[in-house]
Amino acid sequence: MITRSEIPQGQETQFVGLLTIEQKDKLAGQLYAPDSYFNPIQDGNEPPNWVISVEEIDQTVNEEFMWVKDLPLIPWISAKPINPFEDATN
Amino acid sequence: MMAGGVPLDPDAVAFLTAAGITDGTITTAIDTLVTDLKFYGLWSKMKAIYPFVGGTATTHKFNLKDPQDTNAAFRLVFAGGWTHSANGAQPNGTNAYADTFLNANTMLANTSNHLSYYSRTSSTAGVRVEIGCAIGNNVFHVRAAVNYIAGDLLIVSLSNVNAQGFWTGTKENSASRKGFKNASLTDFVTTNNTTLYPSLNIFIAARNDSGVPSFFSDKQSAFASIGDGISTIDVINYYTVVQAFQTTLGRQV
């Protein structure tokens with residue numbers, strides 16, 4: 001895990017903020033900025049982690065959720081899409 | 001409101017007022033966009049138009065056709081990591097999407113509809129969807145530089161090495177589905193299809209898969225629309241209008 005300031009410029013999207021289940025529940029459906037909602041998702045680790053993006057962390061201005069700026073960051077591993085028709089749409 | 005001593009189109013005024021936009025260049029661009037769409041007979045074929053002007057989530061959320069801040073007006077709700085700028089709305093490809101609240105089943109005729117997405121991003125990497133929804137075999141989406149699918153799994157190719165451009169998939173009738181990059185036809189199918197679309201909201205920058213956003217896009221959008229089916233001539237005119245709009249704003253690709 002690293003902190004936000006340690007991410008090299010231009011590599012922000014390769015990292016995500018790691019959430020506990022309780023933190024995920026607090027963020028779901030809540031605004032991080034005007035007209036912008038948190039969207040916690042599960043990554044591709046086993047077991048999966050709940051994470052939010054660096055963009056959400058950086059742009060959070062909602063005083064209630066400023067704690068996201070202190071979240072530990074981990075490399076983003078995409079979950080494999082489960083749609084059975086992924087191949088057919090390629 | 002006036003521009004150069006000429007009254008603005010009332011639909012342009014409604015949008016600019018709702019979004020709180022007073023910038024002269026954007027005002028001119030929106031007014032010209034609306035009047036051109038009306039001139040070419042395209043305005044009445046649109047259910048939702050997202051011009052992504054003003055540079056913030058609050059200005060980008062409005063539907064030009066009905067700029068009320070309500071779900072029923074198909075105002076966008078942004079979720080996940082977006083970066084909003086004068087160039088448009090940039091999803092992060094990880095968890096960003098926007099809910100249009102436009103139900104593909106109830107709001108679109110299943111044999112006459114279209115989707116469009118103006119991508120400023122060239123990358124074709126990853127399995128991503130720019131706009132659409134799906135339940136199982138019932139797919140309705142546009143993937144920039146990949147394909148357009150409407151009602152089944154029959155693919156209309158949009159294959160290209162560069163995802164930059166204005167991507168349109170249009171179903172003119174049950175036996176005519178066509179894909180376009182800018183004003184150029186990329187592929188078409190004539191197989192009859194009358195499948196009712198999924199009763200799901202269409203998402204932008206992802207596909208609404210049975211209620212779950214999937215295949216997140218990383219392509220910056222400078223325009224998107226949902227509406228009735230449009231003809232080849234319509235698409236050519238549509239590209240002309242939209243590209244002129246982007247050029248006025250200095251963000252054309």
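View 1. I131(B) sits opposite I204(B) of β16(B). The strand that carries this pairing is β9 (residues 131-135) of chain B, which runs antiparallel to β16(B) over two bridges. Strands here are DSSP runs of E with at least two residues, helices are runs of H or I with at least four, and both are numbered from the N terminus. Two strands count as paired if DSSP finds at least two bridges between them. This is a predicted model, where local features need pLDDT of at least 70, side-chain atom pairs count only at pLDDT 80 or more, and totals for chains, interfaces and linings use all residues; side-chain values use heavy atoms, with hydrogens and water left out. Residues are numbered from 1 along each chain as its sequence is written, and chains are lettered from A and ligands numbered from 1 in the order in which they are written.

**View 2. Strand β16 (residues 201-204) of chain B, seen together with β7(B)****.** Side chains leave β16(B) both ways: N201(B) and F203(B) point to one side, I202(B) and I204(B) to the other, and all are buried. Buried means under 20% relative accessible area, exposed means over 50%, and partly exposed is in between (1.4 Å probe, protein chains only). Strand β7 (residues 97-103) of chain B pairs with β16(B) too, antiparallel and over three bridges. In that pairing, look for D99(B) facing F203(B) of β16(B).

**View 3. Strand β8 (residues 113-119) of chain B, covered on both faces****.** Seven of the seven residues in β8(B) are buried. On one side these are N113(B), L115(B), Y117(B) and S119(B); on the other, H114(B), S116(B) and Y118(B). Strand β13 (residues 165-173) of chain B is joined to β8(B) by seven bridges, with Y118(B) opposite F166(B). Strand β19 (residues 221-227) of chain B is joined to β8(B) by six bridges, and there H114(B) has G227(B) as its bridge partner.

**View 4. N182(B), in the loop between β14 (176-181) and β15 (184-189) of chain B****.** Leaving out neighbours within four places in sequence, N182(B) touches G165(B), F166(B), V235(B) and Y239(B); contact means heavy atoms within 4.5 Å. F166(B) is also the residue that stands opposite Y118(B) in the previous view. T168(B), 14 residues away from N182(B) in sequence, is 7.7 Å away in space, C-alpha to C-alpha.

**View 5. Stepping back to chain B as a whole.** Chain B holds five helices and 19 strands. Its radius of gyration is 17 Å, close to the 18 Å that the globule rule gives for 253 residues, so chain B is as compact as a globular protein of that length. The radius is taken over C-alpha atoms, and the globule rule is 2.2 Å times the number of residues to the power 0.38. The C-alpha trace spans about 50 × 35 × 35 Å along its principal axes. Of the 253 residues, 60% count as buried. Among contacts between residues at least 6 apart in sequence, 63% join residues at least 24 apart.

**View 6. The open four-stranded sheet of chain A****.** The strand order is β4-β5-β1-β6, with antiparallel pairing. At the edges are β4 (41-42) and β6 (73-75) of chain A, each pairing on one side only. Two bridges join β4(A) to β5 (residues 50-53) of chain A, where Q42(A) lies opposite W50(A). Chain A overall has two helices and six strands, arranged from the N terminus as β-α-β-β-β-β-α-β. Of its 90 residues, 37% count as buried.

**View 7. I77(A), in the segment after β6 of chain A****.** I77(A) is partly exposed, with a relative accessible area of 38%. Setting aside neighbours within four places in sequence, I77(A) is in contact with D43(A), G44(A) and N45(A).
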